[in-house]
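Here is a friendly walk through one model, from a nonpolar core to a helix and a strand. Keep the structure open as you read.

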Amino acid sequence: MSDNSLRYVPTNPLYQPSATAARDAEVALKAMFPAAEAIVARFSEEIVFIDAGGNWDGVRCPACGADAESWWSDAMDVAAESKFRDLNTSTRCCGANVSLNDLDYRWPVAFGRFVLEAFNPNAAGLSAAQLHVLSTALGCELREVKVHI
């Protein structure tokens, strides 16, 4: 049997909520996903890549729409050298200066120092209204990353 998670990550990779805000958001997410096996808030000192697991379906340049898979892993290697503190890159397709966090990932991924995760939530995701409630609790805009394990 496979597992699924929904991960909520601040759109600003450097942002971390307070511990109190994270606990409040955990409580709110538990109410939204009562069937979830677990709700966990994780903090990291460094920016980490938050992937979509088996949902990976490629990446495109947000400037010209070209497939970016041929150069994406090289750009990730360069960014990893700085522990993802610098996510800026120049695309090989059209030379646009972009953040790795803002590429057009077919299934959303994120970079961040905080993630709120619902394990096997028995739901497809949050509604816009629910996402707003969670964003307000955490004090930031969020990206939803749907993970298939």
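Leaving aside neighbours within four places in sequence, leucine 103 is in contact (heavy atoms within 4.5 Å) with Val59, Arg60, Pro62, Trp71, Trp72 and Val98. This is a predicted model: local features need pLDDT of at least 70, side-chain atom pairs count only at pLDDT 80 or more, and totals for chains, interfaces and linings use all residues. Residues are numbered from 1 along each chain as its sequence is written, and side-chain values use heavy atoms, with hydrogens and water left out.

A nonpolar core is a set of buried Ala, Val, Leu, Ile, Met, Phe, Trp, Tyr and Cys residues joined through side-chain atoms within 4.5 Å. The largest one has 24 residues, of which Trp72, Phe84, Leu100, Leu103, Tyr105 and Phe111 touch the most other members. Helix H2 gives this core its largest share, five residues.

Helices (H or I, at least four residues) and strands (E, at least two) are DSSP runs, numbered from the N terminus.

| Side of H3 | Residues |
|---|---|
| Buried | Leu134, Ser135, Leu138 |
| Exposed | Ala129, His132, Thr136 |

The buried residues of H3 pack against S1, H1, S7 and S8. Just after H3, glycine 139 takes a positive phi of about 75°.

Serine 5 lies in strand S1 (residues 4–10). Serine 5 counts as buried because its relative accessibility is 2%. Among the contacts of serine 5 are Phe119 and Val147.

Note on methods
Buried < 20%, exposed > 50% of the residue type's maximum accessible area, 1.4 Å probe, protein only.
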